[in-house]
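Have a look at the model first.

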Amino acid sequence: MKIAAFSDIHANLPALEAVLEDIEKLGQDVQIVVAGDIVNCGPFPRETLSLVRALPNSHIIAGNHEEYVLEKKAAREGHQEQELPVPYRALFAPSTWTASQLSAEELEWLANLPRQSAFAGPGGSEVRVVHGSPRHQTEGLNNTLDEARLAEIFEKHTHPHTLWISGHTHFPAIVRWRGMTITNCGSAGAPYDGDTRACYLLAEWDERRSDWYVEHRRVEYNREEALAAIQRNAAYDQSGPFMRLIYQNLKLGRPCDLRGFVSKYVQREDFPAPPADFEHLDRAIDLHLAQFAA
């Protein structure tokens with residue numbers, strides 16, 4: 001059995017197309033796993049979702065960014081939605097715009113995705129798919145987890161020969177622990193480890209060793225097309241200035257302290273009323289990105 005797993009596409013269609021083209025070279029007997037964050041914070045939500053939905057022989061789960069988009073589902077179905085307060089109206093504009101690009105049927109499909117998945121592997125093994133960890137979508141699995149933390153996270157899930165597939169962190173990882181193979185796909189659409197190529201995981205059952213062989217594969221793609229589309233998407237009437245942070249992440253292949261920026265920004269007290277809140281966020285991003293200027 002071969003498994004090709006990827007996560008965190010974030011509506012980066014050129015990256016997804018390149019990953020799928022590389023997977024196609026592996027042959028017909030490949031099961032595809034998509035570990036969430038298919039859409040949001042990217043310029044091609046509908047096209048990306050269409051391609052993912054058409055995947056044969058696949059296991060697909062939702063990530064936390066699907067949740068963010070689905071919070072806008074009520075507005076798409078004609079219900080009254082309370083206006084988000086500043087600064088969240090501008091910060092959450094990417095998920096608002098993404099929801100506006102998807103049909104009610106597409107949003108319903110996202111809503112029906114499982115949050116975790118499991119299926120049998122060869123030789124009595126099992127494959128378990130999560131976006132973050134078995135406990136929570138936003139608890140990432142990585143190479144730095146120590147024995148105590150691993151025991152805490154997998155307390156109820158320690159079964160030898162289990163292959164764990166996760167995403168969320170945008171950093172690839174492989175951890176061998178108590179007979180299990182714990183992996184993070186990295187990110188197909190927005191890597192954070194300094195390598196700008198799309199990343200996915202290839203896993204294959206080794207009959208001789210009765211264990212999983214795993215590796216990460218990196219794929220070149222038309223990044224200039226993605227960057228240009230994200231730049232257009234940063235317009236105030238689309239996903240807004242927050243996309244400029246996503247642009248910088250994609251350009252450098254690292255997160256540019258995105259979480260730090262958001263944390264500091266929401267603590268400010270000088271937010272203007274809409275529509276000036278988008279311009280205010282734009283100026284704050286200018287100051288933040290100045291530290292990453294080449």
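Which residues line the largest cavity?

The model here is a predicted one, and its largest cavity is lined by His10, Asn12, Cys41, Gly189, Ala190, Ile230, Ile246 and Leu250. Sort that lining by class and you get 5 nonpolar residues, 3 polar ones and no charged ones.

As for volume, the largest cavity holds about 40 Å³ of space. With a threshold of 30 Å³ or more, the count comes to 1 cavity.

The largest pocket has about 810 Å³ of space. Its lining takes in 28 residues, and the ones nearest the centre are Asn64, His65, Tyr68, Leu258 and Arg259. Which elements give two or more residues to that lining? They are helix 3 (64–70), helix 6 (93–101), helix 10 (243–252) and helix 11 (258–266).

Contrast the lining of the largest cavity, where no residue is charged.

## Helix 1 against helix 2

A packed pair of helices is described by the angle between the two axes and by how far apart those axes are. For helix 1 (residues 13–24) and helix 2 (residues 45–53), the angle is about 20 degrees and the axes are 9 Å apart. Angles under 35 degrees count as roughly parallel, so helix 1 and helix 2 are roughly parallel to each other. The crossing of helix 1 past helix 2 is left-handed.

Who makes the contact? On the helix 1 side there are Leu13, Leu16, Glu17 and Leu20, and helix 2 brings Glu47, Thr48, Leu51 and Val52. By class, that gives 5 nonpolar residues, 1 polar and 2 charged.

## Helix 10 against helix 12

Helix 10 turns up again here, this time packed with helix 12 at an angle of about 25 degrees, the axes being 10 Å apart. This pair is therefore roughly parallel too.

At the contact, helix 10 supplies Arg244, Leu245 and Gln248, while helix 12 supplies Asp282, Ile285, Asp286, His288 and Leu289.

Most peptide bonds are trans, and most residues other than glycine have a negative phi. Where does this model depart from that?

Start with the bond joining Val86 and Pro87, which is cis with omega at about 10 degrees. Pro87 sits in the loop between helix 4 (73–76) and helix 5 (88–91). Another cis bond runs from Pro274 to Pro275, with omega near 5 degrees. Pro275 belongs to the loop between helix 11 and helix 12 (276–289).

Then there's His168, a residue other than glycine with a positive phi, near 75 degrees. You'll find His168 in the loop between strand 6 (162–166) and strand 7 (172–177).

Conventions: Residues are numbered from 1 along each chain as its sequence is written. This is a predicted model: local features need pLDDT of at least 70, side-chain atom pairs count only at pLDDT 80 or more; totals for chains, interfaces and linings use all residues. Side-chain values use heavy atoms; hydrogens and water are left out. Axes are lines fitted to C-alpha atoms, for helices over the stretch in contact, and angles run from 0 to 180 degrees between N-to-C directions. Helices (H or I, at least four residues) and strands (E, at least two) are DSSP runs, numbered from the N terminus. Angles under 35 degrees count as roughly parallel, over 145 as roughly antiparallel, 65 to 115 as roughly perpendicular and the rest as oblique. A crossing is left-handed if the near helix is turned anticlockwise from the far one by less than a right angle, and right-handed if clockwise. Contact means heavy atoms within 4.5 Å. Ala, Val, Leu, Ile, Met, Phe, Trp, Tyr, Cys and Pro count as nonpolar, Asp, Glu, Lys and Arg as charged, and the others, Gly among them, as polar. On a 1 Å grid over the protein atoms alone, a cavity is a set of points where a 1.4 Å probe fits but cannot get out, and a pocket is an open set with protein on both sides within 12 Å along at least five of seven lines; lining residues have an atom within 4 Å of a point. Grid points are joined across faces, edges and corners, and a volume is the space filled by probe spheres set on the points.
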